[in-house]
Amino acid sequence: MTMTTENLSAAEADKDIVATTEDAQLDAVKPGLQYGGTESQWQLIRARFRRHRLARVSLWIMAVFAIVAIFAEFLAPKDPHDVQARYTYAPPQALHFIDRDADGWRIKPYVYDYKVEVEAESLRRVFRIDETKKIYVRFFAEGFEYKLFGLIPMNRHLIGPEKKRKPLFLIGSDRLGRDMLSRLIYGTRISLSVGLIGVSMSLFLGVLIGGLAGFYGGLFDAATQRVIEFLRSLPTIPLWMGLSAAMPRDWSPLQIYFAITLILSLLGWTELARVVRGRFLALKSEDYVSAALYDGASHVRVVLRHMVPAFTSHIITAASLAIPGMILAETALSFLGLGLQAPVISWGVLLQEAQNIRVLATAPWLLAPGLAIIVAVLAMNFIGDGLRDAADPYTH
Amino acid sequence: MTQPNDDVILRVDRLNVDFTFGKMNLKAARDVSFDLRLGRTTCLVGESGSGKSVTARAIMNIVEPAVISSGAVTLFDLKEGEVLELASLDPDGAEIRAVRGARIAMIFQEPMSSLSPVHTIGAQIIEAIMLHQDVDKHEARKRAIEALRDVHIHDPERAVDRYPFEYSGGMRQRAMIAMALACEPDVLIADEPTTALDVTTQAGILKLIRELQVSHGMAVMFITHDMGVVAEIADDVVVMLRGDVVEHGAVEQIFHEPKHSYSRALIGASLGLNNAEARPAPPTEGTPLISARDLSLFFPGQRKLLGKPDPGVQTLKDVSFDLWPGEILGVVGESGSGKTTLGRVLMGKYQPEAGEALYRTGSGDVRDLADRNSFRDKQVYREIRMIFQDPYSSLNPRMTVEQIIAEPLWVNNIAKGAAMRDRVAELLEIVGLSPAMMERYPHAFSGGQRQRIGIARAIALEPRIIIADEATSALDGSIRAQVLDLLLKLRDELGMAILFIAHDIGVVRYFCDRVVVMHKGQIVETGTAHQICDAPREDYTKALLSAVPSPDPRNRKIMPPLSVAE
């Protein structure tokens, strides 16, 4: 239907219309678009993305994750590497806001201290909440020293106990009495950046190889397609295991980190290359691409000016759908002990602690990183879905 | 409602259909009323967006996402005397489903998308029969074969087991009709069933529908924007404009005493194309711009792993013609005749195996367009420009109109900055658009406007030749005439030659100076437009011409004239 808004008002007054309906449509707008036709592709995409509620919510969630990753040191209440042997497997403390005592009440957040008892039969230490001792929690409390963005030396944290060494384990502590919340916050940084850097690297490979294959076709296209098919037919876990086993043991955690992302992206580019190649092939037969060639535009200009804008949105979509795969792959590798190694903290490394079912029975909060992974992966997938639906605003 | 006395089978009464977009409410059909009678064809005419298809869908009660806000669609059962009101039924209910397909059948413009590609034609017809009639599979198959025989499909016993992709476009439309008629409906709704077809195929389908209507005695509602088709088949005509019925009457009255100015304009536009006096052709003296000799192009078939190799197609065979300065040369033929390939060869997309196409450039040297190297320095691209068939895919949706039209100016270093902007504004004015629109994106324009933008891009470099590949086939009647007039005006003002590729020989008389008729890759006849249209020599040209619907109901070419008894 090319019904127009103008028709609504015009048709009544305009009972005697001659055949120049086209002229009457000059200022007309197509239905579904409340604009005057001067919106760029990105404005249209944004308008359509906004209608995807799940994706919008997910975008906010990922924004929170990103802020957590960027400001990890500031947000972590405790040093994630700080071992407090007294508090191994301490359960989560509830945060209270209203402080009641004999004088009445005021708003002052606090947690209760722990009482440690040793069970007689199993000789196991059991933590009980000691309601007689309050540990006050302060905002912008002084804590461990760090450098914000690696530059600004600081020791303030969003929250922290009034006294530095007092226990504050909002989601419990691990085997060595380290604060799980702080470790989870630090893990967010590593896990998300592995996803992001890994996808950027595979994006580079994918766009380059897929673009060349799609634009020039022929032998190069056939060769890359076979390579992609071969790579995709490899069972991934044994391959990762082989590759990470081949990594020298004496590498620093940073080197291992980059090697892992490289391994992930070397296998991850194939999907993106296919997307890019497919778009190139589809676009090559579009009349407007022929028109640009007939305008005398060079090949480079045809590709960059006329073809690439048509699929940047598709690339962004494919990339955002690839990030969860990367995160999951890193988690799987680290979980198996083949990826990142302690002292580097990632979600997968944290989950290593949750491998033992008996440990899980006593300290189920060790699964918290699993929850973070689920939320992050689902959110990224929803964002990808929303982008995919919004990606091509010109299809009907 | 009481049963009317005459043979009215379906009555549409003050039907309103609304589309809602957020807060906007668009009336797609407003107080539409008309009757369908057994044995008569009612044509709904109007341009795209006039509400014709919506009305047809409202009769079947399948208007989603729109809603039928008021009005009635009443279906009468003349034998039983029953009356059924369709518009108020639940669109997913059993009652309306018993009507769809069985008592009212519908055929669509694009038969391929209405047929399931994974089932045989026969299986689909059999399913339709068994859904609505109480027969066993064997009997249903027999009826399916009969139905295919009725629509003149050759060898129906074997065709019944074929898949849709094995059928040609015309055969698919025949199969759709067979499927629609398998349950012997009282009403057949045909929504632009011939728009996607060649004129000769169209003539066959029109004849078939008419024939089946007489033998089945059903009512036909035929939706089209082509006044020629209306004149050929209609008994009654309903003219729609933007959701309103502006005129309603017998075909004779509509064509010969139209009351509404819009009807007059519609008929005028189609008559103008057909009754145009052939203009004197520009003198063909001096040297031709393009002189093509014996162009031959063979597309080899795909080598297959199994089975017989595809023999390939001889797309062009010894094609020779001259294009003289300032003339409009029409290239006509059915789809598959090689006319589009010919255009592509001249633009350097394909290199023919044999022959040459010598082009005399503006600077005086001669280049062979059959040679890829002639296009190296882009001079040919500056002098020979192209207008594309599909106004939707030929404009980059991600660029503004200004960027689209300015592209050739920019890449050829002709104008930059403010000068470029001024030139774009000037070009927009030349093609009849407002310069204020240059910041908009193509999605804000209608098909005709888009084609004007494409023309502005083509003339931006002041070309010597324009190749217009089916440039007007995607446009509705009156808009087509406007675009043709624009091209004629530009030819007179800018003095370029136009190679006009078209499957519609109807527009050729109006638009072209000389015509080349192509068939299966060969040129069968060359002559002035006057001579080709009025005194064709070759049988193929005669067949093509006789298939063009004539926009005068008193002078039917395809159909037998209306009998006086009717």
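Q: In this predicted model, in which sense do strand 9 and strand 10 of chain B pair, parallel or antiparallel?
A: Strand 9 of chain B covers residues 236-241. Strand 10 of chain B covers residues 244-250. Six bridges join the two strands, and their sense is antiparallel.

Q: Which residue of strand 10 of chain B stands opposite B:Val237?
A: Strand 9 of chain B, residues 236-241, pairs with strand 10 of chain B. The residue that B:Val237 faces in strand 10 is B:Gly249.

Q: Which residue in the turn between strand 9 and strand 10 of chain B has a positive phi?
A: The two strands form a hairpin, with two residues between them. One turn residue has a positive phi of about 50°. That residue is B:Arg242.

Q: How many residues of strand 10 of chain B are buried?
A: Strand 10 of chain B has seven residues, and the strand is mostly covered. The number of buried residues is five.

Q: How far apart are the C-alpha centres of domain 1 and domain 2 of chain A?
A: Domain 1 of chain A spans 84-177, and domain 2 of chain A spans 184-391. Six residues of domain 1 are in contact with six residues of domain 2. On the domain 1 side, the touching residues are three nonpolar, one polar and two charged. The centres lie apart by 39 Å.

Q: What percentage of residues 188-384 of chain A is helix?
A: UniProt, in an unreviewed entry, places "domain: ABC transmembrane type-1" at these residues. The end C-alpha atoms of the span lie 20 Å apart.

Notes:
Residues numbered from 1 in each chain as written. Chains lettered and ligands numbered in written order. Predicted model: local features only at pLDDT ≥ 70, side-chain atom pairs only at ≥ 80, totals over all residues. UniProt positions renumbered as here; feature names shortened; annotations may be inferred. Helix = DSSP H or I, 4+ residues; strand = E, 2+ residues; numbered from the N terminus. Buried ≥ 20, exposed ≤ 12 C-beta atoms within 10 Å, placed from the backbone. Pairing = 2+ DSSP bridges. Domains from an automatic or database assignment. Contact = placed C-beta atoms within 7 Å. Nonpolar A, V, L, I, M, F, W, Y, C, P; charged D, E, K, R; others polar.
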